[in-house]
Amino acid sequence: MAARWSAGAVAGVERWAAAEDGPDGASTWVDLGTAVPRDDGRLVVDARDRRVAFLDVCLAGERGPDHEPGHPVEELRDEAGVLVVRPQAGWPPECRHLWGRVGPVVGPLLEGLRAPGAAPLAKALARKRLAGSPTAATQADGLAEEQLEAFRACLSAGLRLVWAPPGTGKVQVLACAVEALVRAGRRVLLVAARDEAVDEVLEAAVARMSPEPGVVVRIGAGRDPAVAAASEEVDGECAAVAARLREIAALAPEVEHLRAELDGFDEPAYRIAAARVTAGHTLDELRPRLREAEAAAETARRAFVAAATELGEALEAQRVLGLVRDAFEHQRLAVEGLAALEARQRALQEERDALAGQEPEGMRARRQHRRLLDEAGAELRRFAAAAAAGRRRWLDVQLHARAVIGEHTRSEIADADRRAAEAEEAVAAADERYRSAREVMIRLRGEVDAAETRGAATDEDRRLVTDSVLRGLPERHARLYGLLHRRKDAAALEERHRELTDRARTLRAEAEERLVRDARVVATTLLRSRVHPALTAATFDVVLVDDAGAVPLAEVLLALRRAGTTAVVFGDFRQLGPAVPDDPAREVQRWVRATCFSHLGIADPADVDAREGCLALTGRSGLGTGYEQLREAAEAGTEIVLVDVSTVPGLAAARPGSVAGKWSAAGAVLACALAERHRRDGTVGVVAPDVVQADVTLAAFRDRGLVAATAVGPVRALQGREFATVVADLVAGDGGPQALGAGIAPARDRLYLIADGVADGPLREAVERGDIRTWSAAALLGAAEPPADDATFGEVAELLRAGVHGEEAFEGHAADARRSVWVWTPWPGDADAALEAAARRGVRVRVFAAPGEEVRAGTVIRSDHGHGGLVVVDEQVALLGAGERVVAVPGAAFAHRLLAELQAEWTGEPRPCDRCGEPMEVRRGDAADARWHCPGCDLAIPEQRHAPAETPVVG
């Protein structure tokens, strides 16, 4: 349950989450664009029109990481919508699509606000209770007085707010504060709405501190070496699996090529035909060989029978001599037995005789000697008696053995044994030869039977085999089969790659959690601070928030929940505020659409001075809003030029967008030339009044290859950034004073205002004061006198005039047209002849003309919008009428963008009225949606599409 102070914020965020995250809250992968290699080994993705907040990124193929291996990146930097990526080692170059994981981002904010626990500084902001003046007295070199006061606020306990417009030294203040806080042993969380703002402060702080590894941790922009090391082993295995998958994927072209070559090849029919042809060639050879094998088998069989017979006879002879063999053995044993008896009796006799020859001294010795002599004599007599019986038995054995032996000899027995052994060996050899010959015979019989079963080969069989062999089809089929077998492993490898990727992600998350736990400074965006697992439960002594003027109050409250003693919120109340759904509910207006500045009632500089706990960094920044800032910008040294497009009214025409807003081709064309001239001087930001003009201009930039160091977007997307050169496109509107002020504020060195005339008011006053120089668009195009001694004007004019031609340019492009010509009248000069010639060549010619306007060529669609001299040829080049001149803008992206905003495809075919049959007209007025209208019947058919037109991908 939420605390009382946060209950309203929770209710507002609940409504926001229902609108933004959707009912399921599931994450998905979005293709952010195709990566282009840069000279330094990094990849660049132009995502300036991808207005999504992503949680994670990876490199993969066109199908995305849900369907093929994804490869994490080592570093990601967002440079005003241009994503700069450092790929992981071993990244496969064919995985050129950068995918971003988009998921529920409001839900984590809601969960964080609902979390229990004390949050004194968040509670203080919710209840509008800021601390007083900073209490710290710490000094910092290089800071002005007001900057020093903001610096001391970061070192003082409590909650404070700092108004810090661009160019007031905010980065230096925050960098000094981070250094001082770390030196004081404090733990700091630095958050901002944008990656650029976080990196700018962090790089300045690190340059001052030169910290040891692990002291400062940046979450989101790149991978810390310690985090990379945590998953190094798994990443290596993952790379190896990815390499195998690439090898398998590389087989696809060959597989498809082989399939195309084998189209119509019936491999089973070929094998049958080849077998018959082969059988026909070999039967004549097989039959003689079979007869020879049968004869050899018969010969071997007879040899085996003869060997077996000899073995039987040898064994019988060996058996008959068995008794003689035993008698020889008995005779040997009898001889050995008699010899043993004789030897023993002789030994006993010798022992007695030896005793008898002894004459011991002493009575006692003689008595003992006599006793031993008697015992020896008794032993000799006993053995002699037993030996006599033994000799008789051995003599009987000898007699019996001699009777059995008779005339037989030992050599006769040895001959019988040798004969039996040789007979056994002969049988074994004969058996082996017979079995071998029989196997050959059986095999040949099978081959002959198989060949005979296949039947005789036909002429069709021979033609099929000959043609297939000449074309190499059997070898190609075998190759295809082998490749398909290798591709069977792809599914298992892809599953293994997903497992390893998930495991590596887990290991890195655990490592990041350890880094965050031990770090003294953690820096990230507000979005990541609420969704990153390592930060959801982390607490800090000090929380520093930047860019607070553009984020919801509820988001700042969540960041402040992590602060223990100190929180300082930096921002600019002049920013346009949060880009969130407009919900009239009170809790949404108060906690989601509001910022911390509006929550505290701060709407102008005087409110800052009046509110205790609020500080201001004014520096060189102007304090006004809208056109009031022009004077302050000029006084601060910013060069301001107004480019007046009212001198080329056709080019300056503001047309309604396909869904909302207005756009002008003049702004896009002039912004391209200005950006191309000034990007060598530093970063360039092109600020458009709304999304539709930004998309039209961005399409032109892409065709010119203007990616690096150039940002294009509506005011809200670029506010808070600083650019060396800012081009503010006001042709289709300025968005009001606050939007204009936010668009002017990012300019550091020079500011271009592209406007349709200079009406009475603040802008004319600034021109008359000399704060603003003026350029004529007609002069830039060569249709009027240029200003004197203005080298920059000449350089911009030279870039523009490369595409400026006379009225004859239309005829040349129409003559070259191959697919389509789209025309919005009126067009300077006579276009009918060129259009008629194109139509005769089969080119699709569509002419949008005002009702009653005379047009003699092409298919005519009467319409009330889009006029002013505009032609698109082959969807590759746009021709813009500018008085008596034509501005040619080559490029498919710009051409497609114009056609999309003009809803050309939907209105490009004439439509008869369902009632009267007369041609209907396209009516639009100033609305986004077009409709078909019949003037006679007053019948209207509204457009069925209500989604924004998308810039097509141009290959």
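W822 and W824 are both buried. Keep in mind that what you're looking at is a predicted model.

Let's stay with the aromatic rings for a bit. The count of aromatic pairs comes to 9. Here are two of them, with their geometry:

| Pair | Centre to centre | Angle between planes | Kind |
|---|---|---|---|
| W163 and F573 | 4.7 Å | 35 degrees | tilted |
| W822 and W824 | 6.5 Å | 15 degrees | stacked |

Why is the W822 and W824 pair called stacked? Their planes sit at 15 degrees, and planes under 30 degrees apart count as stacked.

W163 and F573 are both buried, and together with F597 they make up one aromatic cluster.

Now for the sheet. It's an open one of 3 strands, in the order β30-β31-β32, and the pairing is antiparallel. At the edges you'll find β30 (921-923) and β32 (939-942), each pairing on one side only. From one strand to the next, the twist averages 30 degrees. Strand β31 (residues 931-934) is joined to β32 by 4 bridges. W932 has I941 in β32 as its bridge partner.

Last stop: A11, which you'll find in helix α1 (residues 7-20). At 25% relative accessibility, A11 counts as partly exposed.

Terms used. Residues numbered from 1 in each chain as written. Predicted model: local features only at pLDDT ≥ 70, side-chain atom pairs only at ≥ 80, totals over all residues. Heavy atoms only, no water. Pairing = 2+ DSSP bridges. Helix = DSSP H or I, 4+ residues; strand = E, 2+ residues; numbered from the N terminus. Axes fitted to C-alpha atoms, helices over the stretch in contact; angles between N-to-C directions. Buried < 20%, exposed > 50% of the residue type's maximum accessible area, 1.4 Å probe, protein only. Phe/Tyr/Trp six-rings, centres within 6.5 Å; stacked < 30°, edge-to-face > 60°.
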